[in-house]
Amino acid sequence: MTNLSDEIIALSDEYVLGLLSPTEAALLEEVMARDIELAHRVGSLRDRLLPLDLSAAPVDLPDGFTAQLGDQLRTKDQLSSVQTATSVPPEPANLNVAPKKWVTGLLAASITGLVLGLGFGWMQPMPEPKVVAVLLDANGVPQAVVDDYGDDTATVRFVADISVPADRTLQVWTLPSADMGPRSLGVLTGAAATQLTFEDLPDPGAMQLYEVTLEPLGGSPTGRPTGPIIGKGFAAQQT
């Protein structure tokens, strides 16, 4: 059950697909900074689309694409002008034909409502991770994404279906340096999005190794990875 309106859900889908204007995207990001449910929905959708993003090969645009797109946009503007002149209302269920002023008004109202009317503790700006690592299996297929916030907390989100036997558990690791060796970030109860809390690790850096392994129930008995690697990857610094 979600508390998000159908309009906000549709806008969040368009945001992930890159269909919003810069102004609309900026407004939606303001809403996400205060609405954790919307932020989680956008993050989840991005995770589901990540394997497609990573596996899709770049394709050159066909000749004349820009000119054709311009013609289509001009035609759409002309149709919009005709609709306005004849007082034909837009279809409310189709955000693509809804007035842009209505879209930005909805987002602005959402921000105002969150700031002025909903001052709950959980509606705080979401922190930005210091590094993000996409964990790949042996075939190069994305399995999970780790966000490390540099304050002894991280999150892991899975983007593939992972089967965990009843007598095994998943464990998340990182390698801050060769001298420190691998350190556990946490043991998971299953392949679900999880917030991890740990202690005494330095701030994460670019190209730091992260991985998820399959360990005995309760975690590695040695404090080091012992089981098969589900996915591993190197961190990318976030700006």
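Trainee: Why is the pair R168 and D167 called a salt bridge?

Mentor: A salt bridge needs a side-chain nitrogen of Lys or Arg within 4 Å of a carboxyl oxygen of Asp or Glu. The closest N and O atoms of R168 and D167 are 3.4 Å apart, so the pair meets that definition. This is a predicted model, in which local features need pLDDT of at least 70, side-chain atom pairs count only at pLDDT 80 or more, and totals for chains, interfaces and linings use all residues. Residues are numbered from 1 along each chain as its sequence is written, and side-chain values use heavy atoms, leaving out hydrogens and water.

Trainee: Is D147 buried or exposed, and how do you know?

Mentor: Buried means under 20% relative accessible area, exposed over 50%, and partly exposed in between, with a 1.4 Å probe and protein chains only. D147 has 8%, so it counts as buried. Its salt-bridge partner is R157, with the closest N and O atoms 2.5 Å apart. R157, at 21%, counts as partly exposed.

Trainee: What does the salt bridge between D203 and K130 tie together?

Mentor: Their closest N and O atoms are 3.3 Å apart. D203 lies in the loop between β6 and β7, and K130 in the loop between α5 and β1, so the pair ties together parts 73 residues apart in sequence. Helices (H or I, at least four residues) and strands (E, at least two) are DSSP runs, numbered from the N terminus.

Trainee: What makes β1 and β2 a pair?

Mentor: Two strands pair if DSSP finds at least two bridges between them. β1 and β2 have six, in the antiparallel sense, so they qualify.
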